[in-house]
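The following questions and answers examine side-chain contacts in a predicted model. Please consult the sequence and the structure shown here.

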Amino acid sequence: MAHTPVNHPLRPIYRIVGFVTGAYLVAFGIIGFISTSGEEFTGPGVRALGQGSNLLWSIISLALGALVLLGTAVGRNIDVAVDQYLGWGLLVLGSYSLCVLRTDEVNIFGFTMATVVVTYLVGLLLITVSLYSKTAPKSQAGAPRQVREGRTA
């Protein structure tokens, strides 16, 4: 039996959180793209919304945000898979960037410490949203936890 809840009562709120997270990634990507349009593709880059960014990271965050928004708009458990995989991917990317933060040649995304922290937070938000956004028909969802445990409230 899976331990992730199905048809969670707060699912609409989690979908809104996923949408806002995707919108933030899109906004950061657009602002970073505009700020770094004359810069190198990789390299130290400039600051956008208080974070370090270069043209490569701006394009990636714009694409990731668009995927999150598209998955949230489609729904039907596609958003669960998209949020889960992109969230774990952002955690891996944040860990890589934390490891190479003080190098110039290997820090190809132009991350700063603030960017690493925001990348971790966005990844964790997407993973949390994916945990509580799953839906199923009532016949397949099973009983709520209170009923399974024999409690009425």
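Q: Which residues form one aromatic cluster?
A: In this predicted model, a search of the whole structure finds six aromatic pairs. One aromatic cluster is formed by W57, Y96, F109 and F111.

Q: Is the pair of W57 and F111 stacked or edge-to-face?
A: The ring centres of W57 and F111 lie 4.8 Å apart, and their planes meet at 70°. Planes over 60 degrees apart count as edge-to-face. The angle of 70° therefore makes the pair of W57 and F111 edge-to-face.

Q: How many residues apart are W57 and F111?
A: W57 belongs to helix 2 (residues 55–74), whereas F111 sits in the loop between helix 3 and helix 4 (113–132). The pair thus links distant parts of the chain, and the separation is 54 residues.

Q: What is the angle between the planes of F109 and F111?
A: F109 and F111 form an aromatic pair with a distance of 5.9 Å from centre to centre. The pair is classed as tilted, and the angle between the planes is 55°.

Q: Is F109 buried or exposed?
A: A residue counts as buried under 20% relative accessible area. F109 has a relative accessible area of 9%.

Q: Which residue forms a salt bridge with R11?
A: The count of salt bridges comes to two. In one of them, the side chain of R11 meets its partner with an N to O distance of 3.8 Å. That partner is D79.

Q: How many residues apart in sequence are the parts that R11 and D79 tie together?
A: R11 lies in helix 1 (residues 11–35) and D79 in helix 3 (residues 78–99). Because the two residues lie in these helices, the pair ties together parts whose separation in sequence is 68 residues.

Q: How far apart are the closest N and O atoms of R15 and D79?
A: R15 also forms a salt bridge with D79, and R11, R15 and D79 are linked in a network of salt bridges. A salt bridge requires the nitrogen and oxygen to lie within 4 Å. For R15 and D79 the closest N and O atoms are apart by 3.5 Å.

Definitions and conventions
Residues numbered from 1 in each chain as written. Predicted model: local features only at pLDDT ≥ 70, side-chain atom pairs only at ≥ 80, totals over all residues. Heavy atoms only, no water. Helix = DSSP H or I, 4+ residues; strand = E, 2+ residues; numbered from the N terminus. Phe/Tyr/Trp six-rings, centres within 6.5 Å; stacked < 30°, edge-to-face > 60°. Buried < 20%, exposed > 50% of the residue type's maximum accessible area, 1.4 Å probe, protein only.
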